[in-house]
Amino acid sequence: MAFEELLNDPVIQKYLHELVGPTGMPVAAAPPDGEVTDEELAEELSLELNDVRRALFILYENDLASYRRLRDEDSGWLTYLWTFHYENVPEQLEEEMYRLLDALDERREYEATHEFYLCPEESIRFEFEEAIEFQFECPQCGSELEPMNNDVLVEAMDERIDDLRSELNVDA
C-alpha cells in the first residue's frame with residue numbers, strides 16, 4: 001500500500017495522531033520520499049525542531065521510521081537522515097488490536113467477577129470490599145451506597161471482544 005493510500009485511511013490517520021499527537025501530526029502526515037534531515041522537515045513544515053524530533057523518535061520507536069547517522073568530518077557534527085516505513089503500519093495496527101483484545105478480555109473478567117456499589121450523589125463506584133470498609137456509606141458525601149448492575153457494560157465488552165476476534169480471525 002502506498003503512502004498516499006495509507007494516509008487517506010481515517011483509521012491510520014487516527015493511529016498516527018494517537019502516536020505523535022497534534023504537534024507531531026504534520027511530520028507523520030507528510031512523509032517525504034527518500035531520506036530527510038530533521039532540520040529540513042522542521043523548515044519545510046514550519047515547525048519547531050524539537051517537535052519534529054519528538055515525532056520522529058516516536059515513529060522510530062514504533063518501527064515507522066529509521067535513521068542513519070553521518071558525521072561531518074570537519075565539524076564533527078552528527079546529521080540524522082530519516083526514512084519513513086509506513087508499510088509497517090498495518091502490522092502495527094494489528095499488534096495494537098491484539099493488545100486491545102487482551103486488555104478487554106482482562107477488564108471484562110474483572111467486571112464480571114466483582115460486585116460494585118455506587119454513590120448516587122457523587123457517581124463514585126466502589127468494589128464490594130471497599131463498600132464494606134466504608135459501611136456502605138460514601139466517604140465523600142455520606143450517601144448510602146447502592147448496588148450497581150454492570151451487566152450492560154459487560155455485554156458491551158462482549159460485543160467489542162467478539163468484533164475484535166472476528167476482525168483478527170481469532171477463536172474464543
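Author: Start with helix H4, residues 49–61, which lies across strands S2 and S3 and runs at about 120° to S2. Keep in mind as you look that this is a predicted model.

The two strands under discussion belong to an open sheet of 3 strands, in the order S1-S3-S2, with antiparallel pairing. S1 covers 36–37 and S2 covers 65–71; both stand at the edges with a single partner strand each, so one side of each has no neighbour in the sheet. S3 spans residues 78–84 and runs antiparallel to S2, with 7 bridges joining the two. Then look for Arg69, which has Tyr80 in S3 opposite it. On the other pairing, S1 and S3 are antiparallel too, over 2 bridges. There, Thr37 has Leu81 of S3 as its bridge partner.

Now follow the chain from S2 into S3. What do the two strands form, and how many residues sit between them? They form a hairpin with 6 residues between them, and in the turn you'll find Gly76, with a positive phi of about 85°.

At the other end of S2, go back to the loop that comes between H4 and S2, where Asp63 lies. Asp63 isn't a glycine, yet its phi is positive, at about 60°. Is Asp63 buried, partly exposed or exposed? Its relative accessible area is 48%, so Asp63 counts as partly exposed.

Let's move on to the other sheet. This is an open sheet of 3 strands as well, with the order S5-S4-S6 and antiparallel pairing. Its edge strands are S5 and S6, each of which pairs on one side only. From one strand to the next, the twist averages 40°. S4 and S5 are antiparallel partners over 3 bridges, and within that pairing Phe116 stands opposite Glu127 in S5. A helix packs here too: H5 sits on the sheet and touches S4 and S5, with its direction making about 80° with that of S5.

Between strand S4 (116–118) and strand S5 (125–127) there is a loop, and Ser123 is found in it. Ser123 has a phi near 55°, again a positive value in a residue other than glycine. With a relative accessible area of 57%, Ser123 is exposed, because the cut-off for that is over 50%.

What is Ser143 in contact with, once its neighbours within four places in sequence are left aside? The list is Cys119, Pro120, Glu121, Phe136, Glu137 and Cys138.

H5 also takes part in a pocket. Rolling a probe the size of a water molecule over the atoms shows where empty space is left. In this model, the largest pocket holds about 170 Å³ of space. Two elements give two or more residues to its lining: helix H5 (89–113) and helix H7 (151–168). Which of the elements gives the most to that lining? H5 does, with 5 residues. If you'd like to pick out the lining yourself, select Val11, Pro90, Leu93, Glu96, Met97, Leu100, Arg160 and Glu167. By type, the lining residues divide into 5 nonpolar, no polar and 3 charged.

Last stop: the segment after H7, where Asn169 has its place. Asn169 counts as exposed, because its relative accessibility is 71%.

Terms used
Residues are numbered from 1 along each chain as its sequence is written. This is a predicted model: local features need pLDDT of at least 70, side-chain atom pairs count only at pLDDT 80 or more; totals for chains, interfaces and linings use all residues. Side-chain values use heavy atoms; hydrogens and water are left out. On a 1 Å grid over the protein atoms alone, a cavity is a set of points where a 1.4 Å probe fits but cannot get out, and a pocket is an open set with protein on both sides within 12 Å along at least five of seven lines; lining residues have an atom within 4 Å of a point. Grid points are joined across faces, edges and corners, and a volume is the space filled by probe spheres set on the points. Helices (H or I, at least four residues) and strands (E, at least two) are DSSP runs, numbered from the N terminus. Ala, Val, Leu, Ile, Met, Phe, Trp, Tyr, Cys and Pro count as nonpolar, Asp, Glu, Lys and Arg as charged, and the others, Gly among them, as polar. Two strands pair if DSSP finds at least two bridges between them. Contact means heavy atoms within 4.5 Å. Axes are lines fitted to C-alpha atoms, for helices over the stretch in contact, and angles run from 0 to 180 degrees between N-to-C directions. Buried means under 20% relative accessible area, exposed over 50%, partly exposed in between (1.4 Å probe, protein chains only).
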